[in-house]
Amino acid sequence: MIESECFLPRWVGGASGSTPERCASPCGGLKKVAMNSDLPLADVGFHGAILNLVSISIAQRTCEIDLCLGDWKVGKPRPASLFAFTDMASFFGRFDFQELADNARAGNVQDGAVDAAGTRLRMHLVGGMLEAVAGTIGLRALGCSHAGRGSTAFADGRRPRPDAGAELTSLEPLDRVDLDLSHLEEIQLSAVDSICRLVMQVRTSSNVLQRAPATITFKGVTSCVVHLDIEKLAAERPYGNVIGGHVDVARGLVRLHLSEGFIEIGGRSASLVWR
């Protein structure tokens, strides 16, 4: 059996040097833990990468972008990696989920770069773009290199059910919920599964201000636009950072107007589960 070599960074930005170790993934290959002296953030190759999952926590002001990076300028297969952002300031993203899914195997990222200060990441996608600004940006490996990994787990470890979309057929369940004065805590976008999930504190009734934890899951998502001033949104918790919501069942669109930004999601169906 021929062993494959997978050059994966454990953390970019750590101490210099590298340590080979056995990869824990089923391929059994060898991986080399690359540190700052081997691969600075500025040298990461984004062209041909595969965007899998974007997870944003407004409450914690963090963001994680799960992707299989490009060849990293050494001709190696795409490593499964995670960009981790702390002290998030803002996030903007425009996603065409159909384009991202259609190009997932070949690579749905056209280009990208981290600025010289190491606080801003910008990626141009086959179907859109994203820009994340934070206090710090880290990069680490998720496991061995496998292009087109398929379904990706959400941030809390749960995986979307492949057949879950069959349970719902429209956005009507969400049209009956009063989202005004709710509080948005997390956003999770799975490009490979066409799923968007919002973790919120939603008012239990339009006549009261009391909120209860709820998760809104959109399936069959076709498009999503996210514009967030995360630093300001995080400070709005006592009052709620959702000014209002509009559900257009006929067009399959949901728009949330936030105190500092907005979210627009186009999808086939939606469900709300009280937690």
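1. Let's start with Ile65. Setting aside neighbours within four places in sequence, Ile65 is in contact (heavy atoms within 4.5 Å) with Leu51, Leu53, Val54, Ser81, Leu82, Phe83, Phe85, Leu121, Met123 and Leu130. Ile65 also belongs to the largest nonpolar core, which has 57 residues; there Ile65, Phe83, Phe91 and Phe218 touch the most other members. A nonpolar core here is a set of buried Ala, Val, Leu, Ile, Met, Phe, Trp, Tyr and Cys residues joined through side-chain atoms within 4.5 Å. Buried means under 20% relative accessible area, exposed means over 50%, and partly exposed is in between, using a 1.4 Å probe and protein chains only. As background, nonpolar side chains tend to be buried together in soluble globular proteins.

2. A word on what you're looking at. This is a predicted model, where local features need pLDDT of at least 70 and side-chain atom pairs count only at pLDDT 80 or more, while totals for chains, interfaces and linings use all residues. Residues are numbered from 1 along each chain as its sequence is written, and side-chain values use heavy atoms, with hydrogens and water left out.

3. On to the aromatics. Rings of Phe, Tyr and Trp (its six-membered ring) pair if their centres lie within 6.5 Å; planes under 30 degrees apart are stacked, over 60 edge-to-face, and the rest tilted. The count comes to 3 aromatic pairs. Phe46 and Phe83 are stacked because their ring centres are 5.8 Å apart and their planes are at 15°. This pair links distant parts of the chain, 37 residues apart: Phe46 is in the loop between strand 3 (30-33) and strand 4 (50-57), and Phe83 is in strand 6 (residues 80-96). For reference, helices (H or I, at least four residues) and strands (E, at least two) are DSSP runs numbered from the N terminus. Both Phe46 and Phe83 are buried.

4. There's another pair to look at: Phe95 and Phe97 sit edge-to-face, 6.5 Å centre to centre with 75° between the planes. Phe95 and Phe97 are both buried. Phe46, Phe83 and Phe85, meanwhile, form one aromatic cluster.

5. Now the charges. Using a salt-bridge rule of a Lys or Arg side-chain nitrogen within 4 Å of an Asp or Glu carboxyl oxygen, the count is 4. One of them joins Glu131 and Arg122, with the closest N and O atoms 2.3 Å apart. Glu131 counts as buried at 15% relative accessibility, whereas Arg122 is partly exposed at 39%. Arg120 joins these two in a network of salt bridges.

6. Arg203 and Asp178 also meet in a salt bridge, at 2.8 Å from N to O. That one links distant parts of the chain, 25 residues apart, with Arg203 in strand 11 (residues 195-203) and Asp178 in the loop between helix 2 (172-175) and strand 10 (183-190). Arg203 is buried at 9%; Asp178 is partly exposed at 24%.

7. Which ring does the charged end of Arg255 sit over? The ring of Phe262, 4.4 Å from its centre; the rule asks for NZ of Lys or CZ of Arg within 6 Å of the ring centre and within 35 degrees of the ring normal. The side chain of Arg255 also forms a salt bridge with Glu264 (3.0 Å, N to O).

8. Last, have a look at Gln201 in strand 11. Gln201 is buried, at 15% relative accessibility. Leaving out residues up to four places away in sequence, Gln201 touches Ser182, His183, Glu185, Arg211, Ala212, Pro213 and Arg237.
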